[in-house]
Amino acid sequence: MTTVILKPHKEESLKRYHPWVFSGAIARVVLDAKHKGDAPAEGELVCVRSAANEALGVGHWQIGSIAVRILAFGVEELPKNFWTERIRAAYQVREALGLIQNNPNTPNTLNNTFRLVHGEGDWLPGLIVDVYADTAVVQAHSVGMHVSRNEIAQALIDVVQQVKNVYYKSDDTLPFKAPIEGEKTGWLRNTGISESRDTEEFWSVENGLSFRIDWLRGQKTGFFVDQRENRALVERYAKGKDVLNMFCYTGGFSLYALRGGAKSVDSVDVSQKAIDLVNINVAKNFPDATNHTAVAADAFDYLSQQKAAGRTFDLIILDPPAFAKHRDAVKNALRGYQRINAKAIEMIRPGGLLFTFSCSQAVDKEAFRLAVFSAAAQVGRKVRILHQLHQPQDHPINIYHPEGEYLKGLVLYVE
Ligand code: SAH
(Lines give C-alpha, C1' and ligand atoms only; values in the text may rest on other atoms or scores of the structure.)
Protein backbone atom coordinates (compact mmCIF):
# COMPACT_ATOMS: atom_id res chain seq x y z
CA MET A 1 0.00 0.00 0.00
CA THR A 2 1.14 3.54 -0.67
CA THR A 3 2.46 5.23 2.45
CA VAL A 4 2.02 8.86 3.45
CA ILE A 5 4.68 10.04 5.90
CA LEU A 6 3.91 13.05 8.04
CA LYS A 7 6.22 15.82 9.15
CA PRO A 8 7.47 15.60 12.74
CA HIS A 9 4.78 16.33 15.39
CA LYS A 10 1.98 16.30 12.81
CA GLU A 11 0.65 12.98 14.15
CA GLU A 12 -0.98 14.52 17.23
CA SER A 13 -4.38 15.30 15.73
CA LEU A 14 -4.68 11.80 14.25
CA LYS A 15 -3.99 10.36 17.67
CA ARG A 16 -6.99 12.31 18.92
CA TYR A 17 -9.10 10.77 16.12
CA HIS A 18 -9.29 13.82 13.90
CA PRO A 19 -10.30 12.20 10.59
CA TRP A 20 -8.43 14.42 8.12
CA VAL A 21 -4.79 14.77 7.08
CA PHE A 22 -4.05 18.14 5.50
CA SER A 23 -1.59 18.29 2.61
CA GLY A 24 0.65 20.70 4.55
CA ALA A 25 1.28 18.02 7.20
CA ILE A 26 2.82 15.57 4.72
CA ALA A 27 6.60 15.16 4.47
CA ARG A 28 6.58 12.65 1.60
CA VAL A 29 4.62 9.94 -0.14
CA VAL A 30 6.11 6.51 -0.85
CA LEU A 31 4.19 4.88 -3.68
CA ASP A 32 3.69 1.14 -3.55
CA ALA A 33 5.62 -1.03 -6.02
CA LYS A 34 2.82 -1.61 -8.49
CA HIS A 35 2.11 2.08 -8.87
CA LYS A 36 2.26 3.48 -12.39
CA GLY A 37 1.79 7.24 -11.92
CA ASP A 38 3.93 9.58 -9.84
CA ALA A 39 1.24 10.31 -7.24
CA PRO A 40 -1.47 8.27 -5.49
CA ALA A 41 -4.70 7.98 -7.44
CA GLU A 42 -7.63 9.91 -6.05
CA GLY A 43 -9.69 7.55 -3.90
CA GLU A 44 -6.80 5.13 -3.34
CA LEU A 45 -6.34 3.58 0.10
CA VAL A 46 -3.14 4.82 1.74
CA CYS A 47 -1.44 4.16 5.06
CA VAL A 48 -0.47 7.22 7.08
CA ARG A 49 2.67 7.04 9.24
CA SER A 50 4.34 9.44 11.65
CA ALA A 51 7.86 10.74 11.08
CA ALA A 52 8.93 7.97 13.50
CA ASN A 53 7.22 5.38 11.24
CA GLU A 54 4.33 4.64 13.58
CA ALA A 55 1.18 3.48 11.73
CA LEU A 56 -1.49 6.13 12.37
CA GLY A 57 -4.26 4.83 10.17
CA VAL A 58 -5.59 4.00 6.73
CA GLY A 59 -7.72 6.31 4.64
CA HIS A 60 -8.75 7.53 1.22
CA TRP A 61 -6.32 9.74 -0.67
CA GLN A 62 -7.79 12.81 -2.27
CA ILE A 63 -6.61 15.81 -4.26
CA GLY A 64 -6.85 19.14 -2.43
CA SER A 65 -6.03 20.60 0.96
CA ILE A 66 -7.50 17.57 2.73
CA ALA A 67 -5.15 14.90 1.41
CA VAL A 68 -6.39 11.87 3.35
CA ARG A 69 -9.68 11.11 5.04
CA ILE A 70 -9.02 8.44 7.65
CA LEU A 71 -11.26 5.39 7.79
CA ALA A 72 -9.48 3.32 10.44
CA PHE A 73 -7.12 4.72 13.08
CA GLY A 74 -3.97 3.05 14.40
CA VAL A 75 -3.72 0.34 11.73
CA GLU A 76 -1.55 -0.23 8.65
CA GLU A 77 -4.22 -1.85 6.55
CA LEU A 78 -7.98 -1.75 6.47
CA PRO A 79 -9.25 -4.47 8.83
CA LYS A 80 -10.98 -7.43 7.22
CA ASN A 81 -14.75 -6.86 7.20
CA PHE A 82 -14.14 -3.14 7.70
CA TRP A 83 -17.22 -2.01 5.76
CA THR A 84 -19.52 -4.55 7.36
CA GLU A 85 -18.33 -3.69 10.84
CA ARG A 86 -18.53 0.06 10.35
CA ILE A 87 -22.01 -0.11 8.84
CA ARG A 88 -23.03 -2.43 11.67
CA ALA A 89 -21.82 0.10 14.21
CA ALA A 90 -23.93 2.80 12.53
CA TYR A 91 -26.91 0.46 12.43
CA GLN A 92 -26.60 -0.29 16.14
CA VAL A 93 -26.87 3.40 16.95
CA ARG A 94 -30.15 3.67 14.99
CA GLU A 95 -31.39 0.51 16.61
CA ALA A 96 -30.68 1.97 20.03
CA LEU A 97 -32.58 5.09 18.98
CA GLY A 98 -35.68 3.03 18.25
CA LEU A 99 -35.69 3.91 14.56
CA ILE A 100 -35.56 0.40 13.15
CA GLN A 101 -38.74 -1.42 12.25
CA ASN A 102 -39.66 -4.89 13.50
CA ASN A 103 -37.20 -4.97 16.31
CA PRO A 104 -38.81 -6.36 19.44
CA ASN A 105 -36.41 -4.33 21.57
CA THR A 106 -37.50 -1.00 20.20
CA PRO A 107 -40.79 0.75 20.82
CA ASN A 108 -41.29 2.10 17.32
CA THR A 109 -42.73 -0.38 14.85
CA LEU A 110 -44.01 2.30 12.52
CA ASN A 111 -40.82 3.67 11.07
CA ASN A 112 -38.64 2.38 8.24
CA THR A 113 -37.12 5.74 7.24
CA PHE A 114 -33.84 6.83 8.77
CA ARG A 115 -30.33 8.09 8.05
CA LEU A 116 -27.99 5.17 8.50
CA VAL A 117 -24.67 6.90 7.79
CA HIS A 118 -23.98 10.58 8.41
CA GLY A 119 -20.40 10.94 7.11
CA GLU A 120 -17.81 11.88 9.70
CA GLY A 121 -20.54 11.57 12.34
CA ASP A 122 -20.41 7.81 11.76
CA TRP A 123 -16.65 7.65 11.19
CA LEU A 124 -17.26 7.26 7.45
CA PRO A 125 -16.03 10.57 6.02
CA GLY A 126 -17.67 11.43 2.70
CA LEU A 127 -20.50 8.89 2.89
CA ILE A 128 -24.24 9.45 3.32
CA VAL A 129 -26.75 6.60 3.42
CA ASP A 130 -30.49 7.08 3.88
CA VAL A 131 -32.77 4.06 4.23
CA TYR A 132 -36.29 4.03 2.82
CA ALA A 133 -38.16 0.81 3.53
CA ASP A 134 -36.31 -1.89 1.52
CA THR A 135 -34.03 0.52 -0.33
CA ALA A 136 -30.86 2.30 0.76
CA VAL A 137 -29.82 5.43 -1.14
CA VAL A 138 -26.06 6.01 -1.05
CA GLN A 139 -24.37 9.33 -1.72
CA ALA A 140 -20.59 9.70 -2.05
CA HIS A 141 -19.01 13.06 -1.32
CA SER A 142 -15.46 11.81 -1.93
CA VAL A 143 -13.84 9.82 -4.70
CA GLY A 144 -12.71 7.30 -2.08
CA MET A 145 -16.28 6.46 -1.20
CA HIS A 146 -17.09 6.27 -4.91
CA VAL A 147 -14.28 3.75 -5.41
CA SER A 148 -15.58 1.74 -2.44
CA ARG A 149 -19.25 1.87 -3.48
CA ASN A 150 -19.63 -1.82 -4.25
CA GLU A 151 -18.19 -2.93 -0.92
CA ILE A 152 -20.50 -0.44 0.79
CA ALA A 153 -23.52 -1.82 -1.07
CA GLN A 154 -22.65 -5.39 -0.09
CA ALA A 155 -22.20 -4.38 3.55
CA LEU A 156 -25.61 -2.68 3.51
CA ILE A 157 -27.28 -5.82 2.20
CA ASP A 158 -25.42 -8.01 4.70
CA VAL A 159 -26.06 -5.87 7.77
CA VAL A 160 -29.38 -4.11 7.38
CA GLN A 161 -32.12 -6.69 7.40
CA GLN A 162 -34.72 -4.50 5.73
CA VAL A 163 -32.46 -3.42 2.83
CA LYS A 164 -32.83 -5.41 -0.40
CA ASN A 165 -31.83 -2.72 -2.90
CA VAL A 166 -29.12 -0.12 -3.01
CA TYR A 167 -29.38 2.92 -5.23
CA TYR A 168 -26.33 5.10 -5.82
CA LYS A 169 -26.87 8.82 -6.33
CA SER A 170 -23.68 10.85 -6.50
CA ASP A 171 -24.11 12.93 -9.64
CA ASP A 172 -24.29 16.17 -7.71
CA THR A 173 -22.01 15.38 -4.81
CA LEU A 174 -18.75 14.00 -6.18
CA PRO A 175 -15.81 16.39 -6.45
CA PHE A 176 -14.50 16.97 -9.94
CA LYS A 177 -10.80 17.25 -9.32
CA ALA A 178 -9.90 14.06 -11.18
CA PRO A 179 -11.62 12.05 -13.87
CA ILE A 180 -13.93 9.59 -12.16
CA GLU A 181 -14.37 6.07 -13.45
CA GLY A 182 -17.71 4.32 -13.31
CA GLU A 183 -21.31 5.43 -13.14
CA LYS A 184 -22.18 8.09 -10.57
CA THR A 185 -25.85 7.13 -10.50
CA GLY A 186 -27.70 3.84 -10.75
CA TRP A 187 -28.52 0.60 -8.94
CA LEU A 188 -25.69 -1.09 -7.06
CA ARG A 189 -27.90 -3.92 -5.80
CA ASN A 190 -31.33 -4.58 -7.08
CA THR A 191 -33.61 -7.46 -6.22
CA GLY A 192 -35.92 -7.33 -9.17
CA ILE A 193 -36.68 -3.62 -9.28
CA SER A 194 -36.67 -2.22 -12.78
CA GLU A 195 -35.15 1.17 -13.62
CA SER A 196 -38.70 2.32 -14.16
CA ARG A 197 -39.63 1.55 -10.59
CA ASP A 198 -40.10 5.26 -10.02
CA THR A 199 -43.29 5.05 -11.99
CA GLU A 200 -44.58 2.43 -9.58
CA GLU A 201 -45.75 3.10 -6.09
CA PHE A 202 -42.94 3.26 -3.56
CA TRP A 203 -43.69 4.16 0.02
CA SER A 204 -41.54 4.68 3.05
CA VAL A 205 -42.96 5.16 6.52
CA GLU A 206 -41.90 7.84 8.98
CA ASN A 207 -43.55 7.81 12.40
CA GLY A 208 -46.57 6.05 10.95
CA LEU A 209 -47.00 8.42 7.99
CA SER A 210 -46.41 7.14 4.46
CA PHE A 211 -44.28 9.12 2.04
CA ARG A 212 -43.73 8.46 -1.64
CA ILE A 213 -39.98 8.74 -2.13
CA ASP A 214 -38.61 9.63 -5.54
CA TRP A 215 -34.86 9.20 -5.21
CA LEU A 216 -34.43 9.12 -8.98
CA ARG A 217 -35.54 12.69 -9.60
CA GLY A 218 -36.06 14.04 -6.09
CA GLN A 219 -33.75 16.33 -4.14
CA LYS A 220 -30.83 14.95 -2.10
CA THR A 221 -31.50 11.25 -1.49
CA GLY A 222 -35.21 11.78 -2.17
CA PHE A 223 -36.44 12.99 1.19
CA PHE A 224 -35.42 15.25 4.07
CA VAL A 225 -34.95 12.72 6.83
CA ASP A 226 -33.45 15.45 9.00
CA GLN A 227 -36.77 17.12 9.87
CA ARG A 228 -38.41 14.06 11.46
CA GLU A 229 -38.36 15.27 15.07
CA ASN A 230 -39.26 18.83 14.16
CA ARG A 231 -42.23 17.62 12.16
CA ALA A 232 -43.41 15.71 15.22
CA LEU A 233 -43.27 18.96 17.18
CA VAL A 234 -45.50 20.65 14.61
CA GLU A 235 -47.99 17.81 15.08
CA ARG A 236 -48.04 18.57 18.81
CA TYR A 237 -49.01 22.21 18.26
CA ALA A 238 -51.23 21.97 15.18
CA LYS A 239 -54.63 21.26 16.71
CA GLY A 240 -57.33 23.63 15.49
CA LYS A 241 -54.82 25.87 13.71
CA ASP A 242 -54.55 27.36 10.25
CA VAL A 243 -51.12 26.15 9.17
CA LEU A 244 -48.92 27.39 6.32
CA ASN A 245 -46.05 25.11 5.29
CA MET A 246 -43.62 27.12 3.16
CA PHE A 247 -40.90 25.29 1.18
CA CYS A 248 -42.89 22.13 1.80
CA TYR A 249 -41.08 19.80 -0.67
CA THR A 250 -43.01 16.49 -0.41
CA GLY A 251 -45.18 17.77 2.43
CA GLY A 252 -43.48 16.33 5.51
CA PHE A 253 -44.63 19.05 7.90
CA SER A 254 -48.06 19.16 6.26
CA LEU A 255 -48.83 15.51 6.98
CA TYR A 256 -47.87 15.86 10.63
CA ALA A 257 -49.98 19.03 10.94
CA LEU A 258 -52.97 17.23 9.43
CA ARG A 259 -52.51 14.30 11.82
CA GLY A 260 -52.26 16.77 14.68
CA GLY A 261 -55.73 18.07 13.89
CA ALA A 262 -54.97 21.31 12.05
CA LYS A 263 -58.03 23.24 10.91
CA SER A 264 -56.40 23.91 7.53
CA VAL A 265 -53.01 23.30 5.95
CA ASP A 266 -51.57 25.19 2.98
CA SER A 267 -48.42 23.73 1.39
CA VAL A 268 -46.23 25.84 -0.90
CA ASP A 269 -43.14 24.98 -2.96
CA VAL A 270 -41.69 26.43 -6.14
CA SER A 271 -41.38 22.96 -7.66
CA GLN A 272 -44.50 21.56 -9.34
CA LYS A 273 -43.03 18.04 -9.03
CA ALA A 274 -42.82 18.52 -5.27
CA ILE A 275 -46.41 19.77 -5.14
CA ASP A 276 -47.58 16.72 -7.10
CA LEU A 277 -45.91 14.52 -4.48
CA VAL A 278 -47.49 16.47 -1.62
CA ASN A 279 -50.91 15.81 -3.11
CA ILE A 280 -50.10 12.11 -3.54
CA ASN A 281 -48.88 11.91 0.07
CA VAL A 282 -51.91 13.70 1.50
CA ALA A 283 -54.27 11.49 -0.52
CA LYS A 284 -52.51 8.35 0.72
CA ASN A 285 -52.58 9.27 4.42
CA PHE A 286 -55.76 11.35 4.62
CA PRO A 287 -57.97 10.28 1.72
CA ASP A 288 -60.93 12.25 3.05
CA ALA A 289 -59.11 15.47 3.88
CA THR A 290 -60.76 18.59 2.51
CA ASN A 291 -58.68 21.03 4.51
CA HIS A 292 -55.40 20.80 2.56
CA THR A 293 -54.30 22.98 -0.36
CA ALA A 294 -51.01 22.71 -2.26
CA VAL A 295 -49.69 25.49 -4.47
CA ALA A 296 -46.63 25.69 -6.72
CA ALA A 297 -45.29 29.22 -6.22
CA ASP A 298 -42.23 31.23 -5.30
CA ALA A 299 -42.26 31.76 -1.54
CA PHE A 300 -41.63 35.50 -1.64
CA ASP A 301 -44.32 36.10 -4.27
CA TYR A 302 -46.78 33.84 -2.49
CA LEU A 303 -46.40 35.59 0.86
CA SER A 304 -46.79 39.01 -0.78
CA GLN A 305 -49.96 37.90 -2.56
CA GLN A 306 -51.47 36.35 0.55
CA LYS A 307 -50.71 39.46 2.54
CA ALA A 308 -52.38 41.62 -0.08
CA ALA A 309 -55.40 39.32 0.16
CA GLY A 310 -55.47 39.88 3.93
CA ARG A 311 -54.76 36.28 4.92
CA THR A 312 -53.27 35.33 8.28
CA PHE A 313 -52.20 32.04 9.91
CA ASP A 314 -51.80 30.55 13.38
CA LEU A 315 -48.69 28.56 12.58
CA ILE A 316 -46.17 29.05 9.77
CA ILE A 317 -43.28 26.76 8.88
CA LEU A 318 -40.33 28.19 6.94
CA ASP A 319 -37.84 25.56 5.80
CA PRO A 320 -35.99 27.13 2.87
CA PRO A 321 -33.10 25.53 0.97
CA ALA A 322 -29.59 26.53 2.11
CA PHE A 323 -29.35 30.24 1.31
CA ALA A 324 -25.56 30.12 1.85
CA LYS A 325 -23.73 27.23 0.24
CA HIS A 326 -20.34 28.85 0.97
CA ARG A 327 -18.82 31.16 3.57
CA ASP A 328 -18.65 34.09 1.16
CA ALA A 329 -22.40 33.95 0.63
CA VAL A 330 -23.27 34.34 4.32
CA LYS A 331 -24.06 38.05 4.23
CA ASN A 332 -26.55 37.70 1.41
CA ALA A 333 -28.02 34.60 3.00
CA LEU A 334 -28.68 36.46 6.26
CA ARG A 335 -30.45 39.18 4.31
CA GLY A 336 -32.56 36.46 2.67
CA TYR A 337 -33.42 34.89 6.02
CA GLN A 338 -34.41 38.26 7.42
CA ARG A 339 -36.60 39.05 4.42
CA ILE A 340 -38.47 35.76 4.33
CA ASN A 341 -38.95 35.70 8.11
CA ALA A 342 -40.26 39.27 8.15
CA LYS A 343 -42.81 38.36 5.48
CA ALA A 344 -43.93 35.33 7.47
CA ILE A 345 -44.05 36.99 10.91
CA GLU A 346 -46.28 39.74 9.49
CA MET A 347 -48.88 37.12 8.62
CA ILE A 348 -48.99 35.34 11.97
CA ARG A 349 -51.99 36.07 14.16
CA PRO A 350 -51.23 37.36 17.67
CA GLY A 351 -50.41 34.33 19.81
CA GLY A 352 -49.35 32.29 16.79
CA LEU A 353 -46.21 30.27 16.19
CA LEU A 354 -43.37 30.41 13.68
CA PHE A 355 -41.22 27.35 13.00
CA THR A 356 -38.22 28.76 11.16
CA PHE A 357 -35.15 26.87 9.92
CA SER A 358 -31.77 27.29 8.29
CA CYS A 359 -29.90 24.34 6.83
CA SER A 360 -26.95 26.51 5.72
CA GLN A 361 -23.94 25.09 7.52
CA ALA A 362 -22.07 28.36 6.97
CA VAL A 363 -24.71 30.35 8.90
CA ASP A 364 -24.24 29.75 12.61
CA LYS A 365 -26.95 29.60 15.25
CA GLU A 366 -26.33 33.10 16.62
CA ALA A 367 -26.31 34.77 13.21
CA PHE A 368 -29.51 33.00 12.23
CA ARG A 369 -31.21 33.98 15.47
CA LEU A 370 -30.19 37.60 14.98
CA ALA A 371 -31.59 37.59 11.42
CA VAL A 372 -34.92 36.22 12.67
CA PHE A 373 -35.13 38.69 15.57
CA SER A 374 -34.26 41.56 13.20
CA ALA A 375 -37.10 40.39 10.97
CA ALA A 376 -39.53 40.54 13.89
CA ALA A 377 -38.33 44.03 14.86
CA GLN A 378 -38.59 45.17 11.25
CA VAL A 379 -42.30 44.34 11.15
CA GLY A 380 -42.93 45.57 14.69
CA ARG A 381 -43.80 42.26 16.36
CA LYS A 382 -42.63 40.95 19.73
CA VAL A 383 -41.31 37.40 19.60
CA ARG A 384 -39.96 34.91 22.12
CA ILE A 385 -38.12 31.64 21.62
CA LEU A 386 -40.04 28.57 22.77
CA HIS A 387 -37.84 25.85 21.26
CA GLN A 388 -34.41 25.68 19.70
CA LEU A 389 -34.33 22.90 17.16
CA HIS A 390 -31.63 20.98 15.36
CA GLN A 391 -30.96 17.88 13.33
CA PRO A 392 -32.12 14.55 14.77
CA GLN A 393 -30.16 11.83 16.49
CA ASP A 394 -29.52 9.79 13.35
CA HIS A 395 -27.37 12.72 12.11
CA PRO A 396 -24.62 12.50 14.76
CA ILE A 397 -21.92 15.16 14.89
CA ASN A 398 -18.21 14.43 14.97
CA ILE A 399 -16.50 16.95 17.23
CA TYR A 400 -13.78 17.48 14.60
CA HIS A 401 -16.21 18.01 11.80
CA PRO A 402 -18.45 20.95 12.69
CA GLU A 403 -19.69 20.95 9.08
CA GLY A 404 -21.72 17.90 10.09
CA GLU A 405 -23.86 20.21 12.25
CA TYR A 406 -25.97 22.22 9.86
CA LEU A 407 -29.67 22.27 10.68
CA LYS A 408 -30.93 24.83 13.16
CA GLY A 409 -34.40 26.04 13.88
CA LEU A 410 -36.42 28.23 16.23
CA VAL A 411 -40.00 28.02 17.36
CA LEU A 412 -41.15 31.55 18.10
CA TYR A 413 -44.21 32.75 19.95
CA VAL A 414 -45.41 35.82 18.09
CA GLU A 415 -47.36 38.42 20.08
N1 SAH B 1 -39.60 21.14 4.45
C2 SAH B 1 -39.26 20.12 3.48
C3 SAH B 1 -37.87 20.29 2.90
C4 SAH B 1 -37.62 21.61 2.25
S5 SAH B 1 -36.28 21.62 1.12
C6 SAH B 1 -39.46 18.75 4.11
O7 SAH B 1 -39.81 18.67 5.28
O8 SAH B 1 -39.28 17.76 3.40
C9 SAH B 1 -36.45 23.20 0.39
C10 SAH B 1 -37.56 23.31 -0.64
O11 SAH B 1 -37.64 24.67 -1.04
C12 SAH B 1 -37.35 22.52 -1.93
O13 SAH B 1 -38.41 21.62 -2.10
C14 SAH B 1 -37.35 23.58 -3.05
O15 SAH B 1 -38.05 23.15 -4.22
C16 SAH B 1 -38.07 24.72 -2.40
N17 SAH B 1 -37.74 26.06 -2.90
C18 SAH B 1 -36.55 26.54 -3.31
N19 SAH B 1 -36.65 27.84 -3.63
C20 SAH B 1 -37.93 28.20 -3.43
C21 SAH B 1 -38.67 29.41 -3.58
N22 SAH B 1 -38.07 30.52 -4.00
N23 SAH B 1 -39.98 29.42 -3.28
C24 SAH B 1 -40.59 28.29 -2.84
N25 SAH B 1 -39.95 27.12 -2.68
C26 SAH B 1 -38.65 27.07 -2.97
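## A salt bridge at D32

With a relative accessible area of 15%, D32 counts as buried (under 20% is buried, over 50% exposed and anything in between partly exposed, using a 1.4 Å probe and protein chains only). Its salt-bridge partner is K34, with N and O 3.4 Å apart; a salt bridge here needs a side-chain nitrogen of Lys or Arg within 4 Å of a carboxyl oxygen of Asp or Glu. K34 sits at 72% relative accessibility, so K34 is exposed.

A quick note on what you're looking at: this is a predicted model, where local features need pLDDT of at least 70 and side-chain atom pairs need pLDDT 80 or more, while totals for chains, interfaces and linings use all residues. Residues are numbered from 1 along each chain as its sequence is written, and side-chain values use heavy atoms, with hydrogens and water left out.

Take R69 and E120, whose side chains meet with N and O 3.3 Å apart. That pair ties together distant parts of the chain, with R69 in strand β6 (residues 66-73) and E120 51 residues away in the loop between β7 (113-118) and β8. Both R69 and E120 are buried. For the labels, helices (H or I, at least four residues) and strands (E, at least two) are DSSP runs numbered from the N terminus.

K382 and E415 make another salt bridge, the closest N and O atoms being 3.6 Å apart. This one also links distant parts of the chain: K382 is in the loop between α10 (365-378) and β19 (383-390), E415 is in the segment after β20 (408-414), and 33 residues separate them. K382 is exposed at 58% relative accessibility, and E415 is partly exposed at 33%. Then there's a network: salt bridges link D242, K263, D314 and R349.

## Aromatic pairs

To describe two aromatic rings, you give the distance of the centres and the angle of the planes. Here, rings of Phe, Tyr and Trp (its six-membered ring) pair when their centres lie within 6.5 Å, and the planes make them stacked (under 30 degrees), edge-to-face (over 60) or tilted (the rest). The structure holds 15 such pairs. One of them, Y132 with F223, is edge-to-face, at 6.4 Å centre to centre and 80° between planes. Y132 belongs to strand β8 (residues 127-132), while F223 sits in the loop between β13 (209-212) and α5 (228-237), 91 residues apart. Y132 is buried at 0% relative accessibility, and F223 is buried too, at 3%.

F202 and W215 give another edge-to-face pair, with centres 4.6 Å apart and planes at 80°. F202 comes from the loop between β11 (185-189) and β12 (203-206), and W215 from the loop between β13 and α5, 13 residues apart. Relative accessible area is 5% for F202, which is buried, and 4% for W215, also buried. Together with Y167 and W187, F202 and W215 form one aromatic cluster.

## Charges over rings

Two rings have a charge over the face. K284 lies over W203, 4.6 Å from the ring centre (the cut-offs are NZ of Lys or CZ of Arg within 6 Å of the ring centre and within 35 degrees of the ring normal). Likewise, the charged end of R259 sits over the ring of Y256, 5.4 Å from its centre.

## Helix α6

Y256 is also among the buried residues of α6, along with G252, F253, S254, L255, A257 and L258. Seven of the eight residues of this helix (residues 252-259) are buried, so α6 is largely enclosed by the rest of the structure. Just after α6, G261 takes a positive phi of about 90°.

## Around the ligand

Which residues are closest to the ligand? They are R231, D269, D298, A299 and D319, out of 15 that surround it, counting any residue with a heavy atom within 4 Å.

A polar side-chain atom of D269 is 2.7 Å from a ligand oxygen. D298 places a polar side-chain atom 2.8 Å from a ligand nitrogen, and a polar backbone atom of A299 is 2.8 Å from a nitrogen of the ligand. The ligand has 590 Å² of accessible area on its own, and the protein covers 89% of it (Shrake-Rupley method, 1.4 Å probe).

Key
Polar contact = N/O pair within 3.5 Å; in protein donor to acceptor, adjacent residues only side chain to side chain.
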